[in-house]
Amino acid sequence: MSSVPRSLPAQGDTTANALGIEGMFAQIMSAIEKSQAEIGELRQECIDLRLVNASLERQVKEGLSNHAVNGSRMPATPGAVTPTGSPQLRAKSPFLSPHNIPTLSAVPPSILVPSPLGDNTVTAVLSVQRDIPGFYVVIPAGGAGTRLWPLSREEHPKFLLDLTLKGRSLIQATWDRLIPLSSPLRTTVVAGPGHVRSIHEQLPDLLPHNLFCEPGPKDSMAAIGLAAAILAKRDPDAIIGAFAADHMISGDDAFLSAIAEAVEVAKDNYLVTIGIAPSHPSTGFGYIRLGDKLGLKQAPNARLVSSFKEKPDARTAAAYIGTGNYRWNAGMFVTRAAVLMALLKDYKPELHDGLQKIASVWTDEPRRRATLAEVWPTLEKIPIDNAVAEPAAAEGKVAVVPATFGWDDVGDFSSLADLLPAESNQPRVLGDGSLVLTEQVAGGIVVPGSGRLITCLGVDDLVIVDMPDTLLVTTRARSQEVKRLVKRCRDAGWKTLL
């Protein structure tokens, strides 16, 4: 007589087990969905807190800067102004409306801000006051932002755009951040003739004689050198700080503390840069190799720069971060104007002589125009890093203040996407979110700039920029290569769209 083996369960048991497993999976999926919803809510709360914090910081800065010229109250800088003729982004964001934040009645007289150096002991730097006598801000506002085309154009580059939906363009945010250190009297901008009007519209407190107009793009050395030469004529003891108009920074207190420390180092005749603590092995930024500590009492975190490194490949970038001795090069420089011109005379004498010739006639407008027309086209086009920072570092003349504030040069659509809020498993949207409908789409960024509805199905990490006259579609992974398309458009005769 045969019998059913005990190892084989009965049919009823099998069904029960299957139902039990299905129930377990259902519970797991329910828990996952609940967790994702909670994470989404937490992310949104974090975004809201960051925005409120930014508004509070701006109020603090306005309170500090409202002493103004001769003690009068300065008018508030208005919101972002889009240049005439440029595509309008119809931003739909609850954060563009004023927050109901109580007015700050008093500003603390001192703020203790740490400026740590990675693997070394953190040394706090006490900033007793924000305004730094004799410190001049230089904001180079150049470049076309070709990696952000077609959102950024030659006539309205990225520094004139509100890329974070906070109601302020990048140059306005830069101005807001730096004005506590220098006041409008000592804050200058270097820009091309095509952007002068838009800059004045967005920065109404910028004094006319503090906007230095360069006839054409000659890279950062000529722009910063021009400002240095002019300011050295106005104030032979001037200390200048050069900060790009189109970078994003978070953590203003840490930023201002690092700049104050850099000014102290610059008083000892160093060319000083700011080293950003890397958050990942980026291949899109240059790096600074840290050298020995300077041992300055007023700048305890300052070190010599051992060397500057060009943008590395992924493996090299990972190796840099692994050592703990490298920082991102954000292109920020603080130094005496006279020291910068002396370094330029040593390493690029022809460029130095040309800038000095222009500066000598700057206050005489007819002579200035004639000299610019004669000299400017002959100046070498070269970044400040290659012109003076790298050779000076080799001779021990360059210092670095390591800092921990958040920084991004918003160099492409991939980095821009990281700065924008997003729902879970959805693309970021810069503009009117009601114009973007997606199904099974994760990651990426969409710019609905034309007013048309954009729909996406089953595509991940796309970059879609829909402007009234141009449509760009690529991937986040290849967003650094958008400038190749700009060249193709130029070669194909589409210059009016650039």
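**Reading the features of this fold**

User: Let's start with charge. Which residues are linked in a network of salt bridges?

Analyst: Arg478, Glu481 and Arg484 are the ones joined in such a network. Keep in mind that this is a predicted model. The general idea is that side chains of opposite charge can pair when their charged atoms come close.

User: And how many salt bridges does the count come to?

Analyst: The count is 18 salt bridges. One of them brings together the side chains of arginine 130 and aspartate 253, at 3.1 Å from N to O. That pair links distant parts of the chain, 123 residues apart: arginine 130 is in the loop between β2 (124-127) and β3, and aspartate 253 is in helix α5 (residues 252-266).

User: Is arginine 130 buried or exposed? And what does aspartate 253 count as?

Analyst: Under 20% relative accessible area means buried. Arginine 130 has 11%, so it's buried. Aspartate 253 has 31%, so it counts as partly exposed.

User: What does arginine 186 form a salt bridge with?

Analyst: Its partner is aspartate 131, with the closest N and O atoms 3.1 Å apart. This one also links distant parts of the chain, 55 residues apart, with arginine 186 in the loop between α2 and β4 (187-191) and aspartate 131 in the loop between β2 and β3. Arginine 186 counts as buried because its relative accessibility is 13%, while aspartate 131, at 33%, counts as partly exposed.

User: Which partner does arginine 476 have?

Analyst: Arginine 476 forms a salt bridge with aspartate 418, and the closest N and O atoms are 2.9 Å apart. Arginine 476 sits in the loop between β19 (471-475) and α12 (482-491) and aspartate 418 in helix α11, so the pair ties together parts that are 58 residues apart in sequence. Arginine 476 is buried, with a relative accessible area of 16%.

User: On to the backbone. What should I look for there?

Analyst: Most residues other than glycine have a negative phi, and most peptide bonds are trans. Now the cases that go the other way. The peptide bond from tryptophan 149 to proline 150 is cis, with omega near 5°, and proline 150 is in the loop between β3 (135-141) and α2 (170-182).

User: Where is leucine 165, and what is its phi?

Analyst: Leucine 165 is in the loop between β3 and α2. Its phi is positive, about 60°, although it isn't a glycine. At 9% relative accessibility, leucine 165 counts as buried. Valine 410, also not a glycine, has a positive phi of about 45°. You'll find valine 410 in the loop between β13 (406-408) and α11 (413-418), and it is buried because its relative accessible area is 1%.

User: Last one: which residues make the nonpolar surface patch?

Analyst: Ile21, Phe25, Ile28, Met29 and Ile32 make a patch of about 480 Å². Isoleucine 21 is in helix α1 (residues 11-65) and, at a relative accessible area of 46%, is partly exposed.

How values were computed:
Residues numbered from 1 in each chain as written. Predicted model: local features only at pLDDT ≥ 70, side-chain atom pairs only at ≥ 80, totals over all residues. Heavy atoms only, no water. Patch = residues over 30% accessible without salt bridge, like charges linked within 9 Å, V, L, I, M, F, W, Y side chains within 5 Å. Areas by Shrake-Rupley, 256 points an atom, 1.4 Å probe, with all protein chains shown as cover. Salt bridge = Lys/Arg side-chain N within 4 Å of Asp/Glu carboxyl O. Helix = DSSP H or I, 4+ residues; strand = E, 2+ residues; numbered from the N terminus. Buried < 20%, exposed > 50% of the residue type's maximum accessible area, 1.4 Å probe, protein only.
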